[in-house]
Amino acid sequence: MKKLGLMKQVLFLGMGCCLATNAQADQYLAFSQNDKEWLYLDSSATKPVIEFFDQSTGALTHSTPLAYDPARQLMMGFTPDGFKLAVLEEAGLSIWHNQTGKRLRTLPVPDLPDSISKYQPKTAVTNASGTAQLFYAPKRKQLRVVHTGNGKQLGHVDLSADPIALGMDTEGRKVAFVIPAATGGYRVQIYNLYKNQPEKSIALPQVSSQTVFSQPIVLSQDGNYLVWLPYLIHVTSGAVQHLVGANRATFTNDNQKLVVANAQGLQRYDLATGVYEPLNAEANCQTLAQDINPTQTLLGFIQRCGQELLAITLNAQTGQFIKRLKLDRP
């Protein structure tokens, strides 16, 4: 495999990269830029609406109805500044304003499939701030990196087979992907875009067909670990661990913990000791969406517990619990 030269300087602005999920990518959460509001969107609703909730009280303050056609468009999530949405259309990647629902611009994306609504992966795969977005071009079996500010193609990676999962590191220097191995089974591969060369190839245990593009590959900021649920992988040693029952996961910024959502609620998993620590969140709740705030200091999760929606806030550096708040929906 080879890759065209990547631009050496990239300005980073956009969508969070570092949260893995086994859930369907239809529901999204964002922090507002000033961390005063939650933005919540269920794009699978008949008439999708962005709901704005006060982070101090949980009260619904206002909402933005969206003119969204799921047959012709694909919602790819919020940008982390809390101002915009990324929507894939026939013309390319469109950026919509969250307060008005208006389209701000549309960026060309090479070799999109004919059926945009069925494009995979559904959720945007980007660097931590989101100006470099990773797309898969199935006709050419290529990964393509597109600058979300100006639409320029920054580079591409040629693949030997169709991938079933994609990921990008926080700086946009590396991409990860899962493809069938030549000798059978699957391997996760890490490719260094700046050095134009593969960096690591790790064999995976049995992979179910249901996992195809069901969640992104997420790399820790120090590059020592990656998670592709249900697997946690130590990059240097190649050791693969099964995170039983996990359906959401994100690394803390100190690279020491993995916040995991499972049937026991939200837990911190210590990467060094392998010990789970329960957080102050209810068990047997469905985790719907998650996000990290623009300053990378807070982690947020939306959970449905019975008929209630709860917002959980954690310290992004350590994963420590901060607060739990009921969202007051009409």
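Setting aside neighbours within four places in sequence, Arg144 is in contact (heavy atoms within 4.5 Å) with Pro110, Asp111, Gln133, Leu134, Phe135, Ala137, Gln153, Gly155 and His156. The model is a predicted one, so to speak of local features takes a pLDDT of at least 70 and side-chain atom pairs count only at pLDDT 80 or more, while totals for chains, interfaces and linings use all residues. Residues are numbered from 1 along each chain as its sequence is written, and side-chain values use heavy atoms, with hydrogens and water left out.

Arg144 sits in strand 12, residues 142-147; strands (E, at least two residues) and helices (H or I, at least four) are DSSP runs, numbered from the N terminus. With a relative accessibility of 6%, Arg144 counts as buried, given that buried means under 20% relative accessible area, exposed over 50% and partly exposed in between (1.4 Å probe, protein chains only). Its side chain has a polar contact with the side chain of Gln142 at 2.6 Å, and another, of 2.5 Å, links the side chains of Arg144 and Gln153. A polar contact here is a pair of N or O atoms within 3.5 Å; within protein, one must be able to donate a hydrogen and the other to accept it, and residues adjacent in sequence count only if both atoms are side-chain atoms.

Strand 2 (residues 27-31) is mostly covered, with five of its five residues buried. Gln27, Leu29 and Phe31 point one way from strand 2, Tyr28 and Ala30 point the other way, and all are buried. Strand 2 pairs with strand 3 (residues 37-42) in the antiparallel sense over five bridges; to pair, two strands need at least two bridges between them as found by DSSP. Across that pairing, Ala30 stands opposite Leu39 in strand 3. Five residues lie between the two strands of this hairpin, and Asp35 takes a positive phi near 60°.

Strand 8 (residues 92-97) and strand 9 (residues 103-107) are also antiparallel, joined by four bridges, and Ser94 has Thr106 of strand 9 as its bridge partner. This hairpin has five residues between the strands, with Gly101 at a positive phi near 75°.

Finally, strands in the order 18-19-20-21 make up an open sheet of four, with antiparallel pairing. Strand 18 (218-219) and strand 21 (240-242) stand at the edges with a single partner strand each, so one side of each is left without a neighbour in the sheet. Strand 19 (residues 225-228) and strand 20 (residues 231-234) run antiparallel and are joined by four bridges, and Val227 has Leu232 in strand 20 as its bridge partner.
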